Amino acid sequence: MPSTPEEAAEPAGRWWPGPALFGAALAALLLSALTPWSDALFDDELGTSPWWVATPALLAALVLLGDRRGLPLAGALAALAAALGAIGFQRGTVEREATQLFAFQPEPGRPVVPLLAALACLTAAALCALLHRRRAPWLPPTGDSGRKARLLIATTLAGALLAGAATVGSGLTAQAIQRAEGEEPRVDAISRTVPAEERDQGVELSLDQYLEWTPYAKPTEVRWQETLPGAAALTECAVAAPPVEFGQPADAGRVAREHQRDPVVLHGTLVSVEAGDGEDSVIGYDTADGSERWRYTVPHGGTGEFQGPPDHPGRLGQVGVSPDCRVLVVAKSRTLVTLDANSGEPLRETALPDPAHRFDNPARTWTFLTGTSPSPHEDTWRPVVALAGTPEIFLEAPDHLIEVRQSNGDLLSVERVQTECLRLAMPAKRPNPLHEEQPQYLLTQGCALANYTSVPSLPENHDFRGGLEAHEGPLYREAPLAVGRIHALGCPNTPHITDFDVHDDDQLRNHNTSDDRILFAGTWCDDFAGPLLLEQRDIRTVHLAELPPDTELPLRPTRTDATPYSHVWLDGGTLYGWLAEPTEDEEPEPVLTDGRTSYVEREYREIHTGARPLEAAFAGGQPDTEVMRSVIVYAVTDEGDVLALDQENRDAALRVYAELPEAAGTCAGDRQITVDRAGLKLLTWCETPSGTDVTAIALERRSSTPYL
């Protein structure tokens, strides 16, 4: 460009800022013009810039390449692009991948790329202003034309490279910051875990013992007794196990012959909670001796006298205990923390949606869905709940329903729901690493007609340790979700279901079939004297039974694997059961017909009653040589006697074949009993407002069937 008297007055050594600033401004504008395709450089999490931001930036770059007199126009276009970029940042969104169960998009994020484009254009506008004010020459004052051209190109490229590196570096820095924010702990927790060298310790079982329905044993002695600070639930961890091979597409798993003698190393953990001054804790206790194994503590800065739920006054939310070595903790109301139940190590923190709060304690907002619900007017929140052994579980808030992968806390789906709806969820069968995945079910009531939805599991296989095997193909549910309706049975209002359970025929018989039997218990209307128990057997047949008016709801169901009963429950100290198949002397007749569906009334049985009322029972079974299966029951009486009951034959009443008098003590609260296969013992505990008293009872294994 020709020199002017003003340019000649500028010192000769100051020629280089002109081309350097020119190259920097041009690079910034061109990079801003390319931001609609920024996902090729940055991850999708930063978003892209819209075309109406890139267009003025590109025009400014073209003007800048022209005559020097166009610098004011180039600066104005760059400033316009900067303003539009700021608007794109404020109004833009980063769409996240649709979730897999429902067609609801997660909350979108805010795109960073338009903001980076705005900053780059703003920088270019400032550089254009500086160039317009400069009067110095853009060429070296000495040297031949070739040398001047080379110096000019080098200086321009240096400015462009510096500006490009600064722009791209800003984008990468923003991406790193965004990722770091996502990786930063959401909960300021203190975690005391099991040392690495102790995590593989446990009790060795044979593969047959691990897979058996219920161990056939007799109680022998009290192994230990401890008082825990809060409610409790049991989980088992297979820390070592033979590999499971799965067929395609969804065959049941198998263990190769060369690994069938490999032992399963099992460790039991009893999980409890403690609310204290300034902190809440989730604690894992070793079922071998009752000692504390690990502790996960969440400080909250308050006191144990916080006026929240009386049974758990701290800031920690509900704790879900999986049977497959996972503990899921709702912490600080908006974070789901997944813990390894064997070591107490935090595996993942998952951000939860922010729904409306309905409690003084926001941590109570999210609750795990189970198969029971007392009534729409009662507070159903418990500090600790036992979760189903399904790959996916559900949590609900007043206006949200979410699906979470149980093994690692991944958020799989989110749906906005009606606040007045009540929901229950149950799996199709007990967890078993050799079983193919069966559908689980969601029941919805209170906002419309009561109905249930079959939710197929995602196409993944689980090993003994709750891990995931690689699966080829998309992780989504291809089939439409099947919906079934619960009949009102002539009542003007929809029923209120308090119990929701599912069994498949493989649990009830020796042959393999995938037919599910769905059980409902609840109240219908005044036309019935008491609650009803319904079993949806297939599309054409529903069995029903009317329970006594004073039956306590929800029922106190007991585990019913491999028994001739599809449902067993405890009421008033007596154990009742509903046979999976009608007996020969039963002649059930339809009492109602709805289209092709017949409603058949049947009788339930009194399985056990006596002078010593039962407070808790665990009903399981062992395979019989014929079609049906035998019954084994472990129970605790109101005086603390621990009983073991079986049948002399399949048609006989239950008999007590072993007992341990007053082993568990009396209970002034809620009594529970379960079998801990790690060490072969019974665990029974009594929950009261002051704590949970736990008693471990040693078992001595008997023969494989009750009849031998």
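The following legends describe close-up views of a predicted model.

**View 1. An open sheet is built from four strands.** The strands follow the order β3-β37-β36-β35, and their pairing is antiparallel. Because β3 and β35 stand at the edges, each with a single partner strand, one side of each has no neighbour in the sheet. On average, neighbouring strands of this sheet are turned by 20 degrees against each other, with direction ignored. Strands of a sheet pair through backbone hydrogen bonds, and the pairing may be parallel or antiparallel.

**View 2. Strands β35 and β36 form a hairpin.** Strand β35 covers residues 670-676, and strand β36 covers residues 681-688. The two strands run antiparallel and are joined by seven bridges. Four residues lie between the strands, and G679 in the turn has a positive phi of about 100 degrees. Strand β35 is mostly covered, with five of its seven residues buried.

**View 3. Strand β36 also pairs with strand β37.** Strand β37 comprises residues 691-701 and runs antiparallel to β36. Eight bridges join these two strands. Within this pairing, T684 has T695 in β37 as its bridge partner.

**View 4. The rings of Y216 and Y657 form a tilted aromatic pair.** The structure holds seven aromatic pairs. In the pair of Y216 and Y657, the ring centres are 5.3 Å apart and the planes stand at 55 degrees, so the pair is tilted. This pair links distant parts of the chain, 441 residues apart: Y216 belongs to the loop between α7 (207-211) and β3 (217-228), whereas Y657 belongs to strand β34 (residues 654-660). Y216 counts as buried because its relative accessibility is 2%. Y657 is also buried, with a relative accessible area of 16%.

**View 5. The rings of W569 and Y604 form another tilted pair.** The ring centres of W569 and Y604 are 5.7 Å apart, and their planes are at 55 degrees, so this pair is tilted. W569 is found in strand β26 (residues 565-571), and Y604 in the loop between β29 (597-601) and β30 (605-608). The pair links distant parts of the chain, 35 residues apart. W569 is buried, with a relative accessible area of 2%, whereas Y604 counts as partly exposed at 21% relative accessibility.

**View 6. Further aromatic rings take part in a cluster and in a contact with an arginine.** Ring pairs link Y441, Y452, F500 and F520 into the cluster. R677 lies over the face of Y210, at 4.8 Å from the ring centre.

Terms used: Residues numbered from 1 in each chain as written. Predicted model: local features only at pLDDT ≥ 70, side-chain atom pairs only at ≥ 80, totals over all residues. Heavy atoms only, no water. Buried < 20%, exposed > 50% of the residue type's maximum accessible area, 1.4 Å probe, protein only. Pairing = 2+ DSSP bridges. Phe/Tyr/Trp six-rings, centres within 6.5 Å; stacked < 30°, edge-to-face > 60°. Lys NZ or Arg CZ within 6 Å of the ring centre and 35° of its normal. Axes fitted to C-alpha atoms, helices over the stretch in contact; angles between N-to-C directions.
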